[in-house]
Amino acid sequence: MVSERNQAWHRLAGSLVAPIRLASHKTGLSPALLAAVVYVESRGRAGAVSAAGAIGPMQLMPATAWTVLHVNPWQVQQNILGGAQFLQSLLKLFHGNLTLALEAYNAGPTRVASGEPPPPSAVTYAKTVETFLRRAEVRTDSSPQKRFLHQL
């Protein structure tokens, strides 16, 4: 067993280990998955703002953060928890299909749920998150059956 201090997801999470661990505990999503999303979305930068206006480590759109998720996107813990809750809801919507949930996180759930092909950027995004997730899991868990989700 690898000590928690040496887990690969910690390298992805950087200074955000504690808020990621808390969001993982509250949502049941693995910390490795959340760390991979944070890394791909913002490289762990708490104050990141995209050209489209997405905010924080999980790159939440302000309107979604405030009105749908009921979190302050500028507050790191709320941003990560809100993003984790959104991802959890997408996993439920897409019956545990991680690729579809990640594409929806990136491109919007309506577009993915409609059956339209997701934009190439969303496909690339999902593949990138899944690659970082696999790398984190290979280094921290000897079981190839480790799930990205603790519970649904």
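What percentage of the 152 residues in the chain do buried residues make up? Buried residues make up 49% of them, where buried means under 20% relative accessible area, exposed means over 50%, and partly exposed lies in between (1.4 Å probe, protein chains only). The model is a predicted one, in which local features need pLDDT of at least 70 and side-chain atom pairs count only at pLDDT 80 or more, while totals for chains, interfaces and linings use all residues. Residues are numbered from 1 along each chain as its sequence is written, and side-chain values use heavy atoms, with hydrogens and water left out.

The chain holds eight helices and zero strands; helices (H or I, at least four residues) and strands (E, at least two) are DSSP runs, numbered from the N terminus. In order from the N terminus, the elements read α-α-α-α-α-α-α-α. Of the contacts with a separation of 6 or more, 46% are between residues 24 or more positions apart, a contact being heavy atoms within 4.5 Å.

H3 covers residues 31–42, and its 12 residues reach 16 Å from first C-alpha to last, close to the 16 Å expected at 1.5 Å a residue; the expected span is 1.5 Å times one less than the number of residues. Because 11 of its 12 residues are buried, H3 is largely enclosed by the rest of the structure. The buried residues of H3 include Pro-31, Leu-34, Val-37, Val-40 and Glu-41. Just after the helix, Arg-43 takes a positive phi of about 55°.

In soluble globular proteins, nonpolar side chains tend to be buried together. Here the largest nonpolar core has 42 residues, and those with the most contacts inside it are Ile-20, Val-37, Leu-87 and Tyr-105. Such a core is a set of buried Ala, Val, Leu, Ile, Met, Phe, Trp, Tyr and Cys residues joined through side-chain atoms within 4.5 Å. H3 gives the most to this core, with eight residues. Leaving aside residues up to four places away in sequence, Val-37 touches Met-58, Leu-87, Leu-102, Tyr-105, Tyr-125 and Val-129.

Two further residues show what lies around H3. Val-40, found in H3, is buried, with a relative accessible area of 18%. Not counting residues up to four places away in sequence, Val-40 touches Tyr-125, Thr-128, Val-129 and Phe-132. Val-40 and Leu-12 are 28 residues apart along the chain, and their C-alpha atoms are separated by 9.0 Å. Glu-41 is also found in H3; with residues up to four places away in sequence not counted, Glu-41 touches Pro-57, Met-58, Gln-59, Tyr-105 and Tyr-125.

Glu-41 and Gln-59 are 18 residues apart in sequence and 6.1 Å apart in space, C-alpha to C-alpha. Gln-59 is found in the loop between H3 and H4 and is buried, with a relative accessible area of 12%. Although Gln-59 is not a glycine, its phi is positive, about 50°. His-70, in the loop between H4 and H5, is a residue other than glycine with a positive phi near 60°. His-70 counts as exposed, at 62% relative accessibility.

Helix packing comes next. Two packed helices are described by the angle between their axes and the distance between the axes. The axes are lines fitted to C-alpha atoms, for helices over the stretch in contact, and angles run from 0 to 180 degrees between N-to-C directions. H5 and H6 pack at an angle of about 130°, with their axes 8 Å apart. That makes H5 oblique to H6, since angles under 35 degrees count as roughly parallel, over 145 as roughly antiparallel, 65 to 115 as roughly perpendicular and the rest as oblique. Among the residues that meet are Gly-83 and Leu-87 in H5, and Leu-102 and Tyr-105 in H6.

H2 also packs against H5: their axes come within 9 Å and cross at roughly 35°. Residues that meet there include Ile-20 and Ala-23 in H2, and Ile-80 and Ala-84 in H5. In H2, the buried residues are Val-17, Pro-19, Ile-20, Ala-23, Ser-24 and Thr-27, and they pack against H1, H3 and H5. Gly-28 follows H2 and has a positive phi, near 85°.
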